[in-house]
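Hi,

Here is the structure I said I would pass on. Have a look at it first, and then read on for what turned up.

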Amino acid sequence: MKGRTNTIHHCKKITLPKVNNPAGNLTSIQENQEVPFPIERIYYLYDIPGGEERGAHGHKELQQLLVAASGAFEVVLFDGKEQKSVYLNRPYEGLLIEPGMWRELKNFSSGSVCLVLASLKYDEKDYIRDYQEFLDFKDL
Ligand code: T46
């Protein structure tokens, strides 16, 4: 299971295609092209009250692309040993998160929308919501 051995260095910010138009820009995302996985699910976080944080869990198998479709927010990734913080504030950039990352989402700007493309359907069994269990999963 790759989630056990993945590190934060397997997660990266990517630039998505942007079609510029004076009438408004457009970005498209295609499975197995801009995202390296089949897209099984799309969901989005919105109406996030100021000061709220989301996440604080890991996934065993799930791959995701996070996009700040509107506004901005910070994603902090931990692999159990190292951590990095990624700021998303452009609708043509995405953060690829590989399985086996503890993540925390914070500092949401007012009106921000976090769009998520996911490789699997929703399954609570894929979640690790306890940090010690996460470290055990990572064999740390
Ligand atoms: C992640 C971050 C960025 C569903 O019923 N279906 C779904 O597809 C999802 C994602 C969640 N839910 C339910 C499960 C909980 O009862 O919605 C509730 C809130 O989910 P959660 O507390 O996991 O929400 P976040 O914002 O902390 O995390 C979500 C995703 O779960 C997670 O994969 O990486 O967004």
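A quick word on labels before anything else: helices (H or I, at least four residues) and strands (E, at least two) are DSSP runs, numbered from the N terminus. Please also keep in mind that this is a predicted model.

With those labels, aspartate 139 sits in the segment after H2. Its phi is near 65°, a positive value in a residue other than glycine. For background, most residues other than glycine have a negative phi. Aspartate 139 is also exposed, with a relative accessible area of 67%.

That residue belongs to a negative surface patch, together with Asp130, Glu133 and Asp136. Aspartate 130 comes from the loop between strand E10 (127–128) and helix H2 (131–137). At 36% relative accessibility, aspartate 130 is partly exposed, the range between under 20% for buried and over 50% for exposed.

Now to the sheet. Five strands make an open sheet in the order E6-E5-E8-E3-E10, with antiparallel pairing. E6 and E10 are the edge strands, since each of them pairs on one side only.

Six of its six residues are buried, so the rest of the structure largely encloses E5. In a regular strand, side chains alternate between the two faces of the sheet. In E5, Phe73, Val75 and Leu77 point one way, while Glu74, Val76 and Phe78 point the other way, and all are buried.

What does E5 pair with? On one count, six bridges join E5 to strand E6 (residues 83–88), and the two run antiparallel. Glutamate 74 has tyrosine 87 as its bridge partner in E6, and phenylalanine 78 stands opposite glutamine 83 of E6. The hairpin of E5 and E6 has four residues between the strands, and glycine 80 takes a positive phi near 100° there.

E5 also pairs with strand E8 (residues 102–106), again in the antiparallel sense, over five bridges. Here valine 75 has leucine 105 of E8 as its bridge partner.

One more backbone detail to check while you have the model open: asparagine 32 has a positive phi of about 60°, although it is not a glycine. You'll find asparagine 32 in the loop between strand E1 (12–15) and strand E2 (41–45).

Cheers

Conventions: Residues numbered from 1 in each chain as written. Predicted model: local features only at pLDDT ≥ 70, side-chain atom pairs only at ≥ 80, totals over all residues. Heavy atoms only, no water. Buried < 20%, exposed > 50% of the residue type's maximum accessible area, 1.4 Å probe, protein only. Pairing = 2+ DSSP bridges. Patch = residues over 30% accessible without salt bridge, like charges linked within 9 Å, V, L, I, M, F, W, Y side chains within 5 Å. Areas by Shrake-Rupley, 256 points an atom, 1.4 Å probe, with all protein chains shown as cover. Salt bridge = Lys/Arg side-chain N within 4 Å of Asp/Glu carboxyl O. Lys, Arg positive; Asp, Glu negative; His and termini not counted. Charge placed at Lys NZ, Arg CZ, Asp CG, Glu CD.
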